[in-house]
Amino acid sequence: MSSTIVVLPDQSTARIPKVNFITKENGILSWLLTGDHKRIAILYLISITFFFFIGGSLAGLIRLELLTPQSDLMATDTYNKVFTMHGIIMIFFFLVPSVPATLGNFLIPLMLGAKDLALPKINLLSWYLYMAAGILAIYTMATGGVDTGWTFTTPLSTHYVNTNVLTTGLAVFIAGFSSIFTGLNFIVTIHKMRCPGMTWFRMPLFVWAHYAASILMVLGTPVLAITIVLVALERTIGIGIFDPTKGGDPILFQHLFWFYSHPAVYIMILPGMGVISETISTFSRKRVFGYTAVAFSSVAIAVFGFFVWAHHMFIMGVSNYAVLVFSLLTMLVAVPSAIKIFNWTFTLYKGSITFETPMLYTFGFMGLFTIGGLTGVFLGASGTDIHLTETYFIVAHFHFVMVGGMLMAFLAGIHFWWPKMTGRMYPEKISQLAAVVTFIGFNFTFFPQFILGTLGMPRRYAAYPPEFQVLNVFSTAGASILGVGYLLPILYLTWSLKYGEIAGDNPWQATGLEWQIQSPPLTENFPITPIMDHEAYDYDWLEKKREKEVTLVG
Amino acid sequence: MTDQHEMEESQHHVVSPMIYIIIGGSLLVLTGLTVFASFLELGIFNPIVALAIACVKAVLVVLFFMHVKYSSKLTKLTVFCGLFTFIALIGMTLMDYFSRAWGRW
Amino acid sequence: MSDSTRVAHGTADSLHTGGHEEHPAYLRHHFENVEQQADAAGFAMWLFLLTEVMFFGGMFTAYLIYRNWYYPAFVEASHQLNVVWGTLNTAVLITSSFTMAMGVWCAEVRKQAGLVLCLVLTFILGLAFLGIKTVEYKEKIEKHHVPGFHYSLKSFTNPQSDPEIYKEYHDKPLGVDMARHTEIYFSLYFAMTGMHALHMIIGIAILGFMIFRARAGAYTSGHVTFVENFGLYWHFVDIIWIFLFPLLYLISRHAN
């Protein structure tokens, strides 16, 4: 376990390069009015961390309430608001932008050999929309919150609650456009700004994953937008579109809502899968097995992902025929994800594996996402779904894929590219500890919830039958461990900004174009437009390049 | 190389005003036709005829006014993707609504 | 899909040594050349139009479902729309699409006066469309056919109380239940045409800006991207109306 692939420059003589994208210009306006994709990525990183902690605190409140069977920590209405805001903030203000807006923004031009994204001003606009939406969401919370659940199901949200549905809807609407513009930017950049020699099949799989997620962002999010508009009209004017007394159908809302929200889960996970492709290759010193399969499976997930949304609606009143069709299609959509897991596993086979922090998070992802994904198949089968839906089984399922999967992938990516973004290494031992603590905490928190779900504990309930208490206490205990696991990176990553070891260009000996330039990069990324003359994950090319490099002697 | 050639072509291919006049005129004629058809009693074909004429009009606008006929493969693919997703939304949702009356099977 | 095999302009990019003929003022620094920039901008515009397709798509879905469920209500409600105004508006919008396409042509062949004229005509036609829409909306308000604002079922439960419409179509009276569903028709009517009108207003505002810039010669010196891409937007708004018109106005106009 003491072997490592990290090669750092001699710390006594190494310095952060004097000219880089951080030092290029000074002053707050140079950051707030920047067009530099790397600066925008940093802005996003700071803001999503802020929202993560708000969402996380709300999660803490949920788990505290669920320590006891009675609704004694807070009133049930308040509890409804807490879990609603937890969902909205975590989904729209953390998970959806997490990897794309931070790592994607930072890395895609670098990985493609471009100087920036295609539309830098739109990129900045995207961040401002995100911030406006986020501030509006906080305002909503401060002025009484919303208690419909993040799914805004009608007719509850249109006719029966008097909480801040409209302002929350507006916040989500604006955040949606932030997401659309990010995705649009990525698609244009990937199509039009690859450097010479960078064919589609030489791009890192990280880019393929973001391409697929961007297609979903561009095509799916507008439907959410119009759905929110219709809910707002229903709530204010009473147009009747979702109102049974006027002949409307509440289930139409669910069709339109889930048409986005199912692809949304793929928007959330695909970029994380992109990170995993990169880390698993680097820390096995091997090209990703089945590059083409992984690339195409990303696009397949995006395409199939548009055809399965009603598996969130099996018990809601859709026709049996629709249940049949959507259940069948849901089985199909699991296949590309499984292909990726298999390919990553085969990448590990006969690789030289080391266990630095990004790889620990990667292993965590592989195991936990597999469990989460498999339980998704149980839920996709309509027969079992009838019993498991709206129970804690669902809660456990999506937390396994989103927290055990996506959040771990996000942390893997942050740690992996931290040296590139900041020029400094994070402290390895404490970060490995944090990864292990997170993994343990996660399993203690969410595994009992699978059992609770199969035993029949409903979700979104502040009070529950006393026989469920033991498992709930386990879950809350795990949550406190998980909290520590998430707090540690904030502390040591911030610490590393000043005291971390100088990383140099390529501490991981990785193959991507982003690792062949200085850390942190120049504002213009590449002094000379690179020419891509080798395949992706070509470690032989890297070896030859290193042989030719001259290192300072004495 | 073909795509670069295509792209330059679409940059420089200037559609002649005569085409616009012909297409514009066709659109106006089709509008008249669709209004006329709506006054006829065609039963189930009323909506079919109306939508068919609307689709023809839309295709003319897309191909000629929006230059898609002279554009790169990528542009054509993009238009197709938009249509495809739109049809998926409508088709799959309507599939639920139409089959609700099919009973308890 | 190897649409990125352009030759790198190599070291000249960041050094800017005398190659200024290659670098027109409007070339942004992250692009290699003007073609790439124009290409990227056009592609970005198409992607934005895709989002608009999906945005309207939700409302079209709702429309198709409720028309299927409440066909009699939709038929009778649609008789309340004036087919003359609707057809006129369609003709206005098609003509404005024509003038816009001509405007793009003028920009491409660098005819500044022609471009300004075409943009002004498009602007006027756009305003004409909105003007006719205002007349139509006013009529709906007066007859209490606006959902949520003292919506009245009288025209549908008792069609003879509306003599101008009745003598054209001889609608049968609807039962109260079915008559109530005309409110859904009008909800969709206002939502869809309202959203369309909002897009028109934004388009007209941008046209105003463009006329101003066109008079200063901004689009007739080789840099037509803005006009071209706005043209795409304008044609798209036209296409939405091409579908709205038969769906809302022409459901069934034959007399009973």
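**Helix packing and chain contacts of chain C**

H2(C) and H9(C) are roughly antiparallel to each other, a label for angles over 145 degrees. This is a predicted model, in which local features need pLDDT of at least 70 and side-chain atom pairs count only at pLDDT 80 or more, while totals for chains, interfaces and linings use all residues. Residues are numbered from 1 along each chain as its sequence is written, and chains are lettered from A in the order in which they are written.

Two packed helices are described by the angle between their axes and the distance between the axes. The axes of H2(C) and H9(C) cross at roughly 160 degrees and come within 11 Å. Axes here are lines fitted to C-alpha atoms over the stretch in contact, with angles from 0 to 180 degrees between N-to-C directions. Helices are DSSP runs (H or I, at least four residues) numbered from the N terminus.

On the H2(C) side, Phe56(C), Met59(C), Ala62(C), Tyr63(C) and Tyr66(C) meet Ile184(C), Leu188(C), Ala191(C), Met192(C) and Met195(C) of H9(C). Contact requires C-beta atoms, placed from the backbone, within 7 Å.

Chain C places 43 residues in contact with 41 residues of chain B. H2 (34-69), H4 (83-108) and H10 (225-249) of chain C each give two or more residues to that side, and H2(C) has the largest share, 15 residues.

Towards chain A, 40 residues of chain C are in contact with 40 residues. At least two residues each come from H1 (12-15), H2 and H9 (182-215) of chain C, and the largest share, 17 residues, is from H2(C).

Key
Two residues are in contact if their C-beta atoms, placed from the backbone, lie within 7 Å. Angles under 35 degrees count as roughly parallel, over 145 as roughly antiparallel, 65 to 115 as roughly perpendicular and the rest as oblique.
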